[in-house]
Amino acid sequence: MKVFAIDIGGSSVKYALLEVERGKAAILTAYKPEQLPSNLFSDLRGTVVAATEYALQNEDISTVAISTTGNVDQNGTVRRAGHFQGYENVSWPDILRSEFPRLSRVTTVNDGKAATWAEFSATKGISKAFAHVVVGTGIGGGIVINGQLFYGNEGSAGSFGHIKVCVDTKIRCSCTRIGCVETVASAPAIIREYKRANQDRNVSEQLGLEEIAMRAEAGDKSAVRAFAEAGRWLGVALSDVMNIVNPEIVTIGGGVVLAAQSILGPNGRNVFIEETATSAKSLALRRVAAATEIRGATYGNDSGLIGAAILACEA
């Protein structure tokens, strides 16, 4: 079955045409991601509608699967997405079916849960308890228990980015509170930490995560430390997840992991994942830590697209 999948992030939108069969998805065509011109929902809506129109003009599809940042209930309604203004109580099925009546199915799922389902599928479903963390502009993720994606009472399960870890911060999270791990372990947090450590070097305000990663690869110790510090904070939050869920496998993906893939820690692997795992295992219960495997994601930045497509076909 062919599915057009859309992955809505905090600053860009990705698209792909996928073939889904027997719980597995393969990307047939990956379209160029689009940077959003603003954080207004009106711009996001226009971008998604235009991309869907293009796909329908060029492909024989009737199913659209959407993975999106924000809180999404089990009916597929986006209740709130803190990175966007006006992205509240939005039903993509209503929007896209009104624009394109030929669509027979439009599904929407939180991006963390979509990525979780993709990564769980990659493990061949062997884990009784599984967790996935996505680290990018924000931090999200999901939990699978006994082969079932866990939504919680209102669809908010897996909101790992809002675990409280830090009291000594004035940075306000997208959820409007302070102390969330998202404010000290996400891509914006790494950028802020690097700029703070280099205040006397007149660092450009336009400096982004990729440039900091390149500087880290070139030997800039403050850049390496920024990634490592973010990983340590994520490990603090992850230790709580481990103690509560007792997962067999935890996978970590997202833009931060990809940016750090060539920045090696003391043990020769991705410094962000290495520091996260070391921190998490040092803080979790010993027997839980010993039984938990922490590793990088299989599908990288494609996990949201893949998971959303699989879930759409299983709906």
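Helices (H or I, at least four residues) and strands (E, at least two) are DSSP runs, numbered from the N terminus. On that basis, the secondary structure of the protein comprises eleven helices and 13 strands. The radius of gyration, taken over C-alpha atoms, is 19 Å, close to the 20 Å that the globule rule gives for 315 residues, so the protein is as compact as a globular protein of that length. The globule rule is 2.2 Å times the number of residues to the power 0.38. Along the principal axes, the C-alpha atoms fill a box of roughly 55 × 45 × 35 Å.

The model is predicted: local features need pLDDT of at least 70, side-chain atom pairs count only at pLDDT 80 or more, and totals for chains, interfaces and linings use all residues. Residues are numbered from 1 along each chain as its sequence is written, and side-chain values use heavy atoms, with hydrogens and water left out.

**Strand pairing**

Two strands pair if DSSP finds at least two bridges between them.

| Strands | Sense | Bridges | Residue pair |
|---|---|---|---|
| Strand 2 (residues 12–21) and strand 3 (residues 24–35) | antiparallel | nine | valine 13 and glutamate 34 |
| Strand 9 (residues 129–135) and strand 10 (residues 139–145) | antiparallel | seven | alanine 131 and isoleucine 143 |

The hairpin of strand 2 and strand 3 has two residues between the strands, and arginine 22 takes a positive phi near 55° there.

**Histidine 132**

Strand 9 also contains histidine 132. This residue counts as buried because its relative accessibility is 1%, the limits being under 20% relative accessible area for buried, over 50% for exposed and partly exposed in between (1.4 Å probe, protein chains only). Buried residues make up 53% of the 315 residues in the protein.

**The second largest pocket**

A pocket is an open set of points on a 1 Å grid over the protein atoms alone, where a 1.4 Å probe fits, with protein on both sides within 12 Å along at least five of seven lines; lining residues have an atom within 4 Å of a point. The second largest pocket is lined by 23 residues, of which Thr108, Val109, Tyr151, Leu311 and Ala315 lie nearest its centre. Among the elements that give two or more residues to this lining are strand 8 (105–110), helix 3 (111–122) and helix 11 (303–314).
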